[in-house]
Amino acid sequence: MLPYQPLNRSVAGKTLFVTGAASGMGRATAHLFAREGANVMATDLNGEGVEAVAAEIREAGFETVRAMALDVSDQDALKTAVAATVEAFGGLDILINNAGFARQAHPSEDAYEDIWRASIDVMLSAHQRLIRAALPHLMASSEGGRIVNIASTEGLGATPLNGPYVAAKHGVIGLTRAMAVDLGRDGITCNCICPGPIITGITDAISDEHKTIYAKRRVPLRRYGIPEEVANITLSLCLPAASYLTGAIIPVDGGMSIKNA
Ligand code: NAI
């Protein structure tokens, strides 16, 4: 029998790059990793918002956080942001592709084409571009680089009027599997989280009453989740000890995706 081998269950000293960190799950992820001792580069399209999140984290006593305005659909800006992260912290070990938005449309609407383009750009192409920009640094990470892509239960099925979002999120699952296969030899893991209904900016417009009705009907745990419940699963996938898990598609949805009726 192999001797028992204790594995490192800490991200302290690792450097995290997270997109969409001004709000919701990205914000919770930035907070959690900073609390766990990681260096955090928090980025978002909303520069003021992400600066405010970094200030919150510093006020809570965790100093190893930087904020940067970043539109993930700007290819050059992605490369600059990665370079700035490496300059600030000396490397990049963990990449969280999280930024996203939800815009509904019926295929008959003229707006469909624009929503399609933006959705694929921000919620799929940007993931691939950021992974490629970060790759040399993830390869150099001492205990193995980590990539976590935030997809959705819309990557596993489809709700009405959500075509571009559904297509992007299904694509994220495919990208995750492809990266897991291609980057395994470099010791990099790539996993995907599919959140169910979570209380964030994206679901803000849904009234509390409708959230409750929906959750009681569709979610075995009978409630919306909170961003921290997703951030904790993200963290677990990024531990050095999570070294033999790659290409996994993990619903964090209160059981929604396994409930038939
Ligand atoms: P949120 O609206 O609270 O946060 C999303 C953040 O992404 C915002 O701060 C926004 O400014 C940023 N963002 C949007 N476009 C961007 C761009 N082009 N460049 C950089 N940043 C940009 O929403 P939430 O829910 O925290 O979203 C995070 C991820 O979770 C998204 O990918 C979303 O699709 C996914 N998700 C959310 C679910 C939910 O119920 N809230 C369910 C399943 C997936």
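Contact, as the word is used here, means heavy atoms within 4.5 Å. The structure is a predicted model, in which local features need pLDDT of at least 70 and side-chain atom pairs count only at pLDDT 80 or more, while totals for chains, interfaces and linings use all residues. Residues are numbered from 1 along each chain as its sequence is written, and side-chain values use heavy atoms, with hydrogens and water left out.

The protein chain contains seven helices and seven strands; helices (H or I, at least four residues) and strands (E, at least two) are DSSP runs, numbered from the N terminus. In sequence order, these elements follow the pattern β-α-β-α-β-α-β-α-β-α-β-α-α-β. The radius of gyration is 18 Å, close to the 18 Å that the globule rule gives for 261 residues, so the protein chain is as compact as a globular protein of that length. That radius is taken over C-alpha atoms, and the globule rule is 2.2 Å times the number of residues to the power 0.38. Along its principal axes, the C-alpha trace spans about 50 × 50 × 40 Å.

Of the 261 residues in the protein chain, 49% are buried. Buried means under 20% relative accessible area, exposed means over 50%, and partly exposed lies in between (1.4 Å probe, protein chains only). Among contacts with a separation of 6 or more, 74% involve residues 24 or more positions apart. The protein chain exposes about 12,600 Å², of which carbon and sulfur atoms supply 53%; accessible areas come from the Shrake-Rupley method with a 1.4 Å probe, and for residues only the protein chains shown count as cover. The mean positions of the 22 positive and 27 negative charges are 8 Å apart. In this count Lys and Arg are positive and Asp and Glu negative, with His and the chain ends not counted; the place of a charge is taken as NZ of Lys, CZ of Arg, CG of Asp or CD of Glu.

Individual residues may now be considered, beginning with the start of the chain. Val11 lies in the segment before strand S1 (15-18) and counts as buried because its relative accessibility is 1%. Not counting residues up to four places away in sequence, Val11 touches Phe33, Glu36, Gly37, Ala38, Ile94, Leu235, Cys238 and Leu239. The C-alpha atoms of Val11 and Ala168, 157 residues apart along the chain, are separated by 29 Å.

Helix H4 (residues 111-140) includes Val122, and Leu124 lies in helix H4 as well. Val122 counts as buried because its relative accessibility is 15%; Leu124 is buried, with a relative accessible area of 19%. Leaving aside neighbours within four places in sequence, Val122 touches Val72, Ser73, Ala99, Gly100, Phe101 and His127, whereas Leu124 is in contact with Ser119, Ala168, Gly171, Val172 and Leu175. The C-alpha atoms of Val122 and Asp71 are separated by 8.4 Å, although these residues are 51 residues apart along the chain.

Thr176 is found in helix H5 and is buried, with a relative accessible area of 0%. A polar contact is a pair of N or O atoms within 3.5 Å; within protein, one must be able to donate a hydrogen and the other to accept it, and residues adjacent in sequence count only if both atoms are side-chain atoms. Beyond its neighbours within four places in sequence, Thr176 is in contact with residues including Cys190, Cys192, Gly247 and Ile249.

Thr200 lies in the loop between strand S6 (189-195) and helix H6 (208-218), and counts as buried because its relative accessibility is 14%. A polar atom of the Thr200 side chain lies 3.2 Å from the backbone nitrogen of Ile202. Leaving aside neighbours within four places in sequence, Thr200 is in contact with Gly24, Met25 and Pro227.

Most residues other than glycine have a negative phi. Leu161, in the loop between strand S5 (146-150) and helix H5 (163-183), has a positive phi near 65 degrees. Arg222, in the loop between H6 and helix H7 (227-238), has a positive phi of about 60 degrees. Leu161 counts as partly exposed because its relative accessibility is 41%, and Arg222 counts as partly exposed at 47% relative accessibility.
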